[in-house]
Amino acid sequence: FLNTAAAFGVLVLLGFAAGMIFPDMAQQILQNFAAQIEQLGLTDDVPQSQMMATLFFNNITASLLSMLYGLIAFLPLSALALGTNALMLGAFAAIYQQQGIGLGVYVLGVLPHGIFELSALILSCALGLLICRTGTERILKKSDTPFFRRVLDCIRVFLTFSVPLLLVAALIETYVTPALLNLVL
């Protein structure tokens, strides 16, 4: 988990630097992200309860897939999910900075729910990397760790930690984050 979190932090910084150097690329990433949000039906006129449920289930799906990518031995695809999210987060911070809104407002909009959501994502990716490593080592006969037991243990950790973190994140992102941003924007 700690190595995955450290990699996430480094990738956020790289995404920020890339967004500062290539602002058009960062804008394009933001436009693609906004289109995805719209496809989910998350518009201003959606009731908050529906928004919370949509955010919660979308984040569970993304985190679960990030973990289950680990079922493919030799390809640490969970790292791709981690990297994509980290680079986007950094690129969005660069946009805030370039538009004169500032990183303080950006952090205020991300941090309250991000503490929970990003922890769940990082944990899910770490679990996926662990599953991938276990499967790869079993195939190469470098380990005798029971693969299916490892997968079940990872699912148990996901259900015990990631799902509750994502529920708290969805609640905060729906009800607290907009109120905080309304205070400063």
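Ala, Val, Leu, Ile, Met, Phe, Trp, Tyr, Cys and Pro are counted here as nonpolar, Asp, Glu, Lys and Arg as charged, and the others, Gly among them, as polar. By these classes, the lining of the largest pocket holds 28 nonpolar, 14 polar and 4 charged residues. The model is a predicted one, in which local features need pLDDT of at least 70 and side-chain atom pairs count only at pLDDT 80 or more, while totals for chains, interfaces and linings use all residues. Residues are numbered from 1 along each chain as its sequence is written, and side-chain values use heavy atoms, with hydrogens and water left out.

**Largest pocket**

- The space in the largest pocket is about 1800 Å³; a pocket is an open set of points on a 1 Å grid over the protein atoms alone, where a 1.4 Å probe fits, with protein on both sides within 12 Å along at least five of seven lines, and lining residues have an atom within 4 Å of a point.
- Its lining comprises 46 residues, and F33, I37, F92, E117 and E173 are the closest to its centre.
- At least two lining residues come from each of α2 (23-39), α3, α4 (77-98), α5 (103-139) and α6 (147-184); helices are DSSP runs (H or I, at least four residues) numbered from the N terminus.
- Helix α4 gives the largest share of this lining, 10 residues.

**Second largest pocket**

- About 210 Å³ of space lies in the second largest pocket, a volume being the space filled by probe spheres set on grid points joined across faces, edges and corners.
- Of its 14 lining residues, V12, L89, A93, Y106 and V107 lie nearest the centre.
- Two or more residues of this lining are given by each of α1 (2-21), α4 and α5, and the largest share, 8 residues, belongs to α5.
- The lining has 12 nonpolar and 2 polar residues, and no charged residues.

**Aromatic pairs**

- The structure holds 4 aromatic pairs, defined by ring centres of Phe, Tyr and Trp (its six-membered ring) within 6.5 Å, with planes under 30 degrees apart counted as stacked, over 60 as edge-to-face and the rest as tilted.
- The F33 and F92 rings form a tilted pair, because their centres are 5.3 Å apart and their planes lie at 55°.
- This pair joins distant parts of the chain, with F33 in helix α2 and F92 in helix α4, 59 residues apart.
- F33 is partly exposed at 28% relative accessible area, whereas F92 is buried at 11%; buried means under 20%, exposed over 50% and partly exposed in between (1.4 Å probe, protein chains only).

**Residue S63**

- S63 belongs to helix α3 (residues 48-68) and is buried, with a relative accessible area of 3%.
- Beyond its neighbours within four places in sequence, S63 is in contact with A120, L121, S124, F158 and L166, where contact means heavy atoms within 4.5 Å.
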